[in-house]
Amino acid sequence: MSGWTGADLAAVDTAEIRVASRRSNGTLRRSRIVWVVRHDNAVYVRSVNGPDAAWYRGVQARHQGVVSASGMQRDVSFVEVDHTPGNALDDTLDATYRAKYGRSSDAVERITSTEARRTTLRLDPA
């Protein structure tokens, strides 16, 4: 069981998503809009700006934070996923990003790039 409710998953599918990672002292960093998709009942996020993006670097310190969308707010753990080249999950998530955000924008090309794939994290409700 994923821990996400049907309403949570609906928000992920349709709303603007924000994440805020926790600092080592437990306080939240400023929230950032991120590109989130789901596959089955799991929720995934990637950094459109790659591993140098401020929010992604912040996640690396503690792997905990908060996700919010359309009135939904959940504490989450950021879980590293397999970044092996040729990983079937990456191909699936690429297709999901294209379906959700459009096929022909520069931003979609960046979020499905090799560099962005390396930043894929699963969001697990804490």
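**The sheet and its helices**

Tutor: Strands β4 and β5 run antiparallel and are joined by 6 bridges. One of the pairs can be named: V67 has R74 in β5 as its bridge partner. The hairpin of β4 and β5 has 2 residues between the strands, and S70 there takes a positive phi near 45 degrees.

Before we go further, please note that the model is predicted. Its protein chain averages a pLDDT of 91, and 98% of the residues score at least 70. Confidence is highest in β6, at a mean of 96, and lowest in α1, at 88.

Is S21 buried or exposed? S21 counts as buried because its relative accessibility is 4%, and the cut-off for buried is under 20%. Leaving aside neighbours within four places in sequence, S21 is in contact with several residues, including T27, L28, R29 and W55. Q64 and G65 are also among its contacts.

On to the next pair: β1 is joined to β2 by 3 bridges, again in antiparallel fashion. Here R18 stands opposite I33 in β2. Strand β2 in turn is linked to β3 by 5 bridges, and these strands run antiparallel. H39 has A42 in β3 as its bridge partner. In the hairpin of β2 and β3, with 2 residues between the strands, D40 takes a positive phi near 55 degrees.

Strand β3 (residues 42-46) runs antiparallel to β6 (residues 121-125), and 3 bridges join them. Within this pairing, Y44 has R122 in β6 as its bridge partner.

The 6 strands form a closed barrel in the order β1-β2-β3-β6-β5-β4, with antiparallel pairing. On average, neighbouring strands of this sheet are turned by 45 degrees against each other, direction ignored. Helix α1 (residues 6-14) packs on the sheet and touches β1, β2, β3, β4 and β5. The direction of α1 makes about 115 degrees with that of β2.

A further helix belongs to this picture. Helix α3 (residues 88-101) lies across β2 and β3, and runs at about 115 degrees to β2. With 14 residues, α3 reaches 20 Å from its first C-alpha to its last, close to the 20 Å expected at 1.5 Å a residue. Which residues of α3 are buried? They are L89, D90, L93, D94 and Y97. Seen down the axis of α3, its buried residues fall within an arc of 140 degrees, so they line one face of the helix. On the other side of α3, A88 and A99 are exposed. The cover over the buried residues of α3 includes β2 and β3 from the sheet, together with α4 (106-111) and α5 (114-117). Just after α3, G102 takes a positive phi of about 105 degrees.

To draw these points together: the strands make a closed barrel, α1 packs on the sheet, and α3 lies across β2 and β3.

Conventions:
Residues are numbered from 1 along each chain as its sequence is written. This is a predicted model: local features need pLDDT of at least 70, side-chain atom pairs count only at pLDDT 80 or more; totals for chains, interfaces and linings use all residues. Side-chain values use heavy atoms; hydrogens and water are left out. Two strands pair if DSSP finds at least two bridges between them. Helices (H or I, at least four residues) and strands (E, at least two) are DSSP runs, numbered from the N terminus. Axes are lines fitted to C-alpha atoms, for helices over the stretch in contact, and angles run from 0 to 180 degrees between N-to-C directions. Contact means heavy atoms within 4.5 Å. pLDDT is the predictor's confidence in each residue, from 0 to 100. Buried means under 20% relative accessible area, exposed over 50%, partly exposed in between (1.4 Å probe, protein chains only). The expected span of a helix is 1.5 Å times one less than its number of residues. The arc is that of the directions from the helix axis to the C-beta atoms.
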